[in-house]
Amino acid sequence: MTDRLSHRVEALVRAAGHRVSTPGRRTRTTVVLGRALGILMLVCFATGLYSHVLQNPPSWFPLSPQPAQLYRFTQGAHVLAGLALVPVLLGKLWSVFPRLFSWPPITGLLSLFERISVALLVSSALLEVALGVMNIAQWYVFPFSFRPVHFALAWLLIGSILLHVAVKLPLIMTYWRRTAPAVTSESAEERVSRRGALIAVGAAAGLIVATTAGQTVTPLRSIAFLAPRRPYVGPQNLPVNRTAAEAGVVDTARDPGWRLSVVGTSKSIELSRDDLLELPQTTVELPIACVEGWSQEATWRGVRLRDLLRLVDERDVDVQLKSLQVRGAFASTKMQAAYVADPSTVAALFLGDEALDLDHGFPIRMIAPGRPGVLQTKWLSRIEVLS
Ligand SMILES: Nc1nc2c(c(=O)[nH]1)N[C@H]1C(S)=C(S)[C@@H](COP(=O)(O)O)O[C@H]1N2
Ligand SMILES: [Mo]
């Protein structure tokens, strides 16, 4: 009885395997796609770590506000590489899909180990990429906060990649070169089909990058059809991630009684918007570089943060920046002394020649070089020295 059942299952699996196996699904295809995938994932991992460290800096990490454009570059690369790897990942899964039907499914301890590592790899890769895409689409349907989960999955993913490469090393070496005997022995038809598969995957990745890159590479912005936010689209020609209405600050931000509190360890002051306008003004060119991959340079004018702190006799200190916003992860952010000391770190009152739009943080917002957009706190109400 069980014998007949297992024969039926085996026959079914073999038939399914036969149906899905085409010459395009060759080990060489898998290796070529795997290499591209490995490179893209390494780019994502390195840039993701950098972004994580900027948002949660360990005390030993040498934070540097300059170069001011660095985060814009690394986070743009993170999101673009992450999007480009979607078709490569799908192509690679397609190329190994027939192996799902290999029979018997497990031949020993090593093959059990291999199957578990592949299951881990595939599920963490799919989940990681899906979460990233959902996040940039601001589709927060998952019941947990994005960053810690994306971060933890990244380690799981990189670990299972290392394991996978170790297990597959002999195959990878055999099929690494185009001139390898295992590759040159394929038929002309097989070669055409394999190349076709690679070209299709490459074209899909190229198309995704071309139609998204404009969110950060401004000359390409007119073809950024896939980008959720595009440069120069928004109030004062700058995109907005969260509006004043969404943050619940419309009334408090417009209130004539608004004051900015600057709180030092021994002294504190309160400044109205007019008081702030009387202080020396500085103009800086700095980008907003959102963690979601879009970025845009803008001209900001306002008071240097270090000048504000001098008013309460402080210098070289870490500060807490508090927003009028009551709820939400970015209602309050921390800024380390390295950024506070930078002469281009400004509490901005103007964007270009106009007073900040309400959605850009009126009456005043923080703008500092080399920081993730999430830390450029809008609708500032309080700057507090951390002792
Ligand atoms: N108080 C507050 N500040 C905030 C945010 C927010 O939600 N609340 N969003 C941040 C994010 S994610 C980005 S990318 C920038 C965007 O600035 P902009 O809307 O002026 O372009 O503001 C940051 N400052
Ligand atoms: Mo952002």
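A surface patch is made of residues with over 30% relative accessible area and no salt bridge, nonpolar side chains being joined within 5 Å. In this predicted model, Ile106, Leu109, Leu112 and Ile116 make up a nonpolar patch of about 400 Å². Ile106 belongs to the loop between helix 3 (70-96) and helix 4 (109-136), and it counts as partly exposed because its relative accessibility is 42%.

The chain as a whole is divided into domain 1 (2-210) and domain 2 (235-385). Their centres, taken over C-alpha atoms, are separated by 41 Å. At the interface, 20 residues of domain 1 are in contact with 23 residues of domain 2, and the two domains bury about 1,600 Å² between them, with 55% of it on carbon and sulfur atoms. On the domain 1 side, Pro65, Tyr71 and Arg72 lose the most area to domain 2, together accounting for 34% of what that side buries. Zero salt bridges are found across this interface.

Elsewhere, the salt bridges come to five by the rule applied. One of them joins Lys168 to Glu114, with the closest N and O atoms 2.7 Å apart. This pair links helix 5 (residues 146-174), which holds Lys168, to helix 4, which holds Glu114, across 54 residues; both residues are buried.

Arg229 and Glu292 also meet in a salt bridge, at 2.7 Å from N to O. Arg229 lies in the loop between helix 7 (188-210) and helix 8 (244-247) and Glu292 in the loop between strand 3 (282-289) and strand 4 (295-304), so the pair ties together parts 63 residues apart in sequence. Both of these residues are buried.

Definitions and conventions:
Residues are numbered from 1 along each chain as its sequence is written. Chains are lettered from A and ligands numbered from 1 in the order in which they are written. This is a predicted model: local features need pLDDT of at least 70, side-chain atom pairs count only at pLDDT 80 or more; totals for chains, interfaces and linings use all residues. Side-chain values use heavy atoms; hydrogens and water are left out. Patches are made of residues with over 30% relative accessible area and no salt bridge: like charges are joined within 9 Å, nonpolar side chains (Val, Leu, Ile, Met, Phe, Trp, Tyr) within 5 Å. Accessible areas come from the Shrake-Rupley method with a 1.4 Å probe; for residues, only the protein chains shown count as cover. A salt bridge is a side-chain nitrogen of Lys or Arg within 4 Å of a carboxyl oxygen of Asp or Glu. Helices (H or I, at least four residues) and strands (E, at least two) are DSSP runs, numbered from the N terminus. Buried means under 20% relative accessible area, exposed over 50%, partly exposed in between (1.4 Å probe, protein chains only). Domain bounds come from an automatic or database domain assignment. Contact means heavy atoms within 4.5 Å. Buried area is the accessible area (1.4 Å probe) that two parts lose on being put together, summed over both.
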